[in-house]
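The stops below go from strand to core to charged pairs.

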Amino acid sequence: MKNIVFGLLIIFFALLSCRTGDEDVRRIDQILNIYMKNKAGRDVLHSRKDNTYFTYSLNDVNGVSDIAPVNSTLRATADSTLFIEYIAGAKRVGLDTLNPDDKIYHSVITVSLIKRLNNTILDTINDKLEIQYRMTPQVFEVSKVLYNDTLRFTKQAGAPNVVTIIK
């Protein structure tokens, strides 16, 4: 009897593994590149001799504790322009999750900018970054980015997620 049950289980799992690969795979597009520039268009994250620049930190507003740091990486382009690469890490909260085929989530992050002049701290600025995500059966992607409640980015099909903030 045990052999019959075992044999039926093997046949069942063999048939289950023979499913066709026609299932759609959800594309994930959540990498966000954040450039910070001054009004003259210069990179404010890059320290230059005798110039003002900023250092930054990110904190998840919806995190499990008051201090919930968010991982990010400071990267550089070929011309040495620095940008913040944010991939994931902040808690996503549902805004509109009623439609199972088109859900909207968002993360809220405090961006702390420490303004420096020749390594001397001049000021600390706390700004709000809100990232909205759209999830459908085909894609999970960044859809909008708001900085201090001002819309700074709206997703264009096939375009990278690049936000430029003027400080």
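Buried means under 20% relative accessible area, exposed means over 50%, and partly exposed lies in between (1.4 Å probe, protein chains only). This is a predicted model: local features need pLDDT of at least 70, side-chain atom pairs count only at pLDDT 80 or more, and totals for chains, interfaces and linings use all residues. Residues are numbered from 1 along each chain as its sequence is written, and side-chain values use heavy atoms, with hydrogens and water left out.

**Stop 1: strand 2**

Select residues 32–37, which form strand 2. Strands here are DSSP runs of E, at least two residues long, and helices are runs of H or I of at least four; both are numbered from the N terminus.

Now show its partners. Two strands pair if DSSP finds at least two bridges between them. Strand 5 runs antiparallel to strand 2, joined by 3 bridges. Pick Asn33 and look across to Glu85, its bridge partner in strand 5. Strand 11 runs parallel to strand 2, with 5 bridges between them. Here Tyr35 stands opposite Thr164.

**Stop 2: Ile34**

Stay in strand 2 and select Ile34. Is Ile34 buried or exposed? It is buried, with a relative accessible area of 5%. Next, list its contacts (heavy atoms within 4.5 Å). Beyond neighbours within four places in sequence, Ile34 touches Phe83, Ile84, Leu129, Val163 and Ile165. Then draw a distance to Leu74: the C-alpha atoms are 9.5 Å apart, across 40 residues of sequence.

**Stop 3: the core**

In soluble globular proteins, nonpolar side chains tend to be buried together. A nonpolar core is a set of buried Ala, Val, Leu, Ile, Met, Phe, Trp, Tyr and Cys residues joined through side-chain atoms within 4.5 Å. The largest one here has 27 residues. Select Met36, Tyr86, Ile109, Leu129 and Ile131, the members with the most contacts inside it. Among the elements that give two or more residues to this core are strand 3 (52–60), strand 7 (103–117) and strand 8 (120–135).

Zoom in on Met36. With neighbours within four places set aside, its contacts include Val44, Leu45, Val111, Leu113 and Ile165. Arg42, Asp43, Tyr147 and Lys167 are also in contact with Met36.

**Stop 4: salt bridges**

A salt bridge is a side-chain nitrogen of Lys or Arg within 4 Å of a carboxyl oxygen of Asp or Glu. How many are there by this rule? The count comes to 7.

Select Glu141 and Arg27 first. Their closest N and O atoms are 3.8 Å apart. The pair links distant parts of the chain, 114 residues apart: Glu141 in strand 9, Arg27 in strand 1. Glu141 counts as buried at 7% relative accessibility, while Arg27 counts as partly exposed at 46%.

Move to Asp127 and Lys167, whose side chains meet at 2.6 Å, N to O. Asp127 is in strand 8 and Lys167 in the segment after strand 11, 40 residues apart. Asp127 is buried at 7%; Lys167 is partly exposed at 28%.

Finish with Lys128 and Asp149, a salt bridge at 2.8 Å, N to O. Lys128 lies in strand 8 and Asp149 in the loop between strand 9 and strand 10, so the pair ties together parts 21 residues apart in sequence. Lys128 is partly exposed, with a relative accessible area of 32%, whereas Asp149 counts as exposed at 55%. Last, select Arg27, Asp29, Arg134, Glu141 and Lys155 together: salt bridges that share partners join them into one network.
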